[in-house]
Amino acid sequence: MDNLLQWRLFPLLTLLASLVVFFYVQNRSKLPEKSCSLLPYQHYWIASKRIVTPQGVISGAVEIQAGKIVSIVKEDQKRPSSKLGHVIDYGEAVVMPGLIDVHVHLDDPGRTEWEGFPSGTKAAAAGGITTLVDMPLNNFPSTVSRETFELKIQSAKERIYVDVGFWGGLVPENAFNKSALEDLLNAGVLGLKSFMCPSGISDFPMTNTSHIKEGLSLLAKYRRPLLVHAEIEQDPISNLGLEDGDDDARSYSTYLKTRPPSWEEAAIRELLTVTKDTRIGGSAAGAHLHIVHLSDSSSSLNLIKEAKNGGDSVTVETCPHYLAFSAEEIQDGDTRFKCSPPIRDAANKEKLWDALLEGHIDMLSSDHSPTLPELKLLDDGDFLRAWGGISSLQFILPVTWSYGKKYGVTLEQLASWWGERPAKLAGQESKGSIAVGNLADVVVWEPEVEFDLDNDYPVYLKHPGISAYMGRKLYGKVSATFVRGNLVYEEGKHASAACGVPILAK
Ligand SMILES: *[C@@H]1O[C@H](CO)[C@@H](O)[C@H](O)[C@H]1NC(C)=O
Ligand SMILES: *[C@@H]1O[C@H](CO)[C@@H](O)[C@H](O)[C@H]1NC(C)=O
Ligand SMILES: [Zn+2]
């Protein structure tokens, strides 16, 4: 009897014991898995010899508590006492506001095989970007109604490693439907975006001036901006004597000819007939129009300058790829460089830099617009049929810095183009500068460190191979990224939980 009991109970007890151990181990390993931050502190100081503040670069420390910047002390002032919290000393590394990229296509939901929230926001964190504003197209369905916007917010939940806000789409279907647009704006989009030429996405049709007028007058009440892709088709491609399968389709100059600066100029001329109403006392006073990714630095830019001088509420962005590359250096068949408007010649690029440095171009954005490698047609190299869009998100800080070196770009300028100005456009003034009371969105980086963007470099984008920057040598290594006080990225590691916040306008 004794023997029998033992024989029957022993395996049962062993099984029970192993189940207890199993659940204990499971629960234990769950604790670190859920962490929003690679730091165990809520209250700490970031010290550095180079902290970029709106008042200039200082040596000192930034105190962070519960996700906010609560004080900033200069080195010669009272040193933070270790009793007040942990001090992370970054030495000579630059401490700057986390970058805000107001023009990103994350393709989520619906085309997550192109990018998606997790890979896109991990890449952003690794690149020192703490806030993205996602475009309403390239995801499916396009974000043009309250319902489609809710799908996007749902998809972003617990899948974003940095904060993400959203632009809604202004399309012919909703432009004259006030209640539809109000629903979308009340749901929290930060503003609207529209196209003056085909967008390349069938459920995101282009708008005309009447639609833009309607959108702008409604947005005036909400004090949110309208962003416009400013190109109007002038000569259809067929007029250029090009045919599909033509050898010429591999040549960059062929593509360049299909989208001349006159397309941008025509669109901007048209837009500025509408922005006159945004002046004080005008019918759309309070509205703001933002021209996305300007490439033409000649007539188009002059028109914008005139409008600004006249008091129109208008701003303009350009992208790092227009500042880094020129048409002359793009190899035939290298469709990684195809985007619209196109990258123009070297003289145009020089003038874009001048305009940026002189303040006529207000800010930068990535226009990160990835796709499947198959759709880039890298093997064919057909510029006319390849997907137009440049993949760049993770690299915008080192790219702006590296290519800006010869123009004497300063840390303060970087913080303005990538922080303060985009924060203002998106209505997120609690971000974009290292100031007391602001959210603790911070990038720590080493401007002097050089690296090769080769196949060994850790790229978190879904399709690193399609990025126009692969193979380049760049300056500026991102060491750490903080979002709302959470250390979300450090030295090749991300926080285990995706705790970025979907930003909704109120
Ligand atoms: C306007 O949009 C709403 C949905 O928000 C829809 O129910 C209504 O039918 C639309 N009106 C017109 C005239 O299309
Ligand atoms: C814009 O398109 C709408 C149709 O969606 C049309 O009613 C309107 O007249 C057009 N406006 C202009 C300026 O072409
Ligand atoms: Zn875009």
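Student: Which side chain has an N or O atom 2.3 Å from an oxygen atom of ligand 1?

Tutor: A polar contact is a pair of N or O atoms within 3.5 Å. Here, in this predicted model, an oxygen of ligand 1 sits 2.3 Å from a side-chain N or O atom of N177. Around the ligand are N177, A180 and D183, where "around" means a heavy atom within 4 Å. Residues are numbered from 1 along each chain as its sequence is written, and ligands from 1 in the order in which they are written. Local features need pLDDT of at least 70, side-chain atom pairs count only at pLDDT 80 or more, totals for chains, interfaces and linings use all residues, and side-chain values use heavy atoms, without hydrogens and water.

Student: What are the protein donors of the zinc ion (ligand 3)?

Tutor: Donors are N, O and S atoms within 2.8 Å of the metal (3.2 Å for Na, K and Ca); water is not among the atoms, so sites may look incomplete. For this zinc, they are H103 (NE2), H105 (NE2) and D367 (OD), 2.1 to 2.2 Å away. Their spacing along the chain is H-x1-H-x261-D.

Student: Is H105 buried or exposed?

Tutor: Buried means under 20% relative accessible area, exposed over 50%, partly exposed in between (1.4 Å probe, protein chains only). H105 is buried at 4%, and D367 is buried at 9%.

Student: Which residues touch the most other members of the largest nonpolar core?

Tutor: Nonpolar side chains tend to be buried together in soluble globular proteins. A nonpolar core joins buried Ala, Val, Leu, Ile, Met, Phe, Trp, Tyr and Cys residues through side-chain atoms within 4.5 Å. In the largest one, of 101 residues, look at M96, L414 and W445.

How values were computed. Polar contact = N/O pair within 3.5 Å; in protein donor to acceptor, adjacent residues only side chain to side chain.
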